[in-house]
Amino acid sequence: MAAATHAAAPQRDLKRFAWPIGYVAVILFLFFLYFQILPSLVKPVSAPVLAWLPVATINECLMWAIMALGLNVVVGYAGLLDLGYVAFWALGGYTAGWLMAFPFNWSWDFHLLSPVKATTPGTHINFWLVCIAAGILCSILGLFIGAPTLRLRGDYLALVTLGFGEVITQFFRNSGDIAGFNLANGDPGIGPIDPIGTGPLGAAGIAPPLLTNSAAGNVWKILVLGLLVGICIFVSLRIREGRLGRAWLALREDELAASMMGVPLVRVKLLAYAVGAFFGGIGGVANASAITTAVSPSGFDFGKSVLVLLMVVLGGMGNVWGVTIGAFLLSWLNSNGLKQIGVQIDSFAGTDLAASLPRYNYVILGLLLVLMMLFRREGLIPESRTKALMSMPSRTEAESLGADSLEAEAETDAVEHSDAKADAKIAHSADVMAGAASAPSPSPRREDES
């Protein structure tokens, strides 16, 4: 028995690390595919791969995965519906604009471990330091957003978070003149933003010194963004298994029961917003520095919040790996997949869908969301607890079922503890009363008889 237990332990450990090992293997495979394998293949072989899965699309998928993992903390773990998550993305991007760009309003020059030349004017701070700064700044914003929503649930909470998301976007849109001060350059935004530096790898000639949007730079961004996603996955999993993660799950499943069990709701909710916002800040810096190389209010509309929420729902709320896969699928479909599907349909049917199909992306994604809610509302790879919860009746249904069971239990107890003599006496009294009720009433005496 003991030997069997010891033999099963390594199998459990291997199963536990299957997903992390698989993720690292996929990232390394993608890097070597675009760095070494595809350039050595003939064009008829490499062209379809580059058409269906360009390296720039992979980088976008990784950036969206960071965002989805952050929202998963708020929605998937804590069960707090957030429709304004794009606010953290915007603040993270503008943090990169303030700390990693040429000056648009400020006159000072400041450099800190930046890969750009020391003579470059403006504020230029290292990408990784800016990620931390943006995460902290967004966490503070998350606390401000979370504080007024502590007493709200469901639809009201969603509406308030939606309002905050729109407020942040409009704030940056009108930031060109705030009491005469240009804070974020208004509609034009801030750019260009510094590319990511490779440090010793660039100095040794192994990698480009700066990861721009060139072909070589995009290939190396797979490793950088893949590392950021890996850090977010690791943090999410560690928190999920800890005391805070269990408190979030208790809050998600039944807030009233959680409070009765001693879970500090205020602190737990605020921490959910803060941790989710930290990931959103990192995603904003990654998007501004590695994808768009600029930041402006037009990139932070309400549709982005909906898209991130759809990634969480599609993958499986609460499941880190499911959310990551959902982010990859939807971001690929939104970025390049619909276009390629249109190209394939055009080649067979002679239509012109390659240009028009991407314009209906939100229609298609909306239909996908409806189908998911109808046929697989727990997501593609659901968390075991979420799957079990969705198969259970709601609180109202449970209470009604509990009332029925109590009535049945009372009837059973009455039968088991019945007294035969008392029952016979009650039955006899009932028969007497029934006979008295059915007996004909005496007819009134007629006057002629009297």
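How far apart are the end C-alpha atoms of helix α16 (residues 361-375), and which span should its 15 residues have? Select α16: the end C-alpha atoms are 21 Å apart, which agrees with the 21 Å that 15 residues should span at 1.5 Å a residue. The expected span is 1.5 Å times one less than the number of residues, and helices (H or I, at least four residues) and strands (E, at least two) are DSSP runs, numbered from the N terminus.

Before going on, note that this is a predicted model, where local features need pLDDT of at least 70, side-chain atom pairs count only at pLDDT 80 or more, and totals for chains, interfaces and linings use all residues. Residues are numbered from 1 along each chain as its sequence is written, and side-chain values use heavy atoms, leaving out hydrogens and water.

Stay on α16 and pick N361, L365 and M372, which are buried (under 20% relative accessible area; exposed is over 50%, partly exposed in between; 1.4 Å probe, protein chains only). Looking down the axis of α16, you will find its buried residues within an arc of 25°, so they line one face of the helix; the arc is that of the directions from the helix axis to the C-beta atoms. On the face turned away from that buried side, L367, L374 and F375 are exposed. Now show α13 (302-315) and α14 (320-349), which are among what covers the buried residues of α16 (contact means heavy atoms within 4.5 Å).

Next, select helix α7 (residues 154-173), whose 20 residues reach 29 Å from first C-alpha to last, close to the 28 Å expected. Its buried residues are L157, A158, T161, G165, I168, T169 and F172. Down the axis of α7 these fall within an arc of 110°, so they line one face of the helix. The face turned away from them carries exposed D155, Y156, L159 and V167. The cover over the buried residues of α7 includes α5 (86-99), α6 (127-146) and α12 (265-292).

Now for the backbone. Most residues other than glycine have a negative phi, and most peptide bonds are trans. In the loop between α7 and β4 (196-197), find P192: a cis peptide bond joins G191 and P192, with omega about -5°. A179 lies in that loop between α7 and β4 too, with a positive phi near 55°; A179 is exposed, at 84% relative accessible area.

Finish at L113, in the loop between β2 (110-112) and β3 (123-125). L113 has a positive phi of about 55° and, at 62% relative accessibility, counts as exposed.
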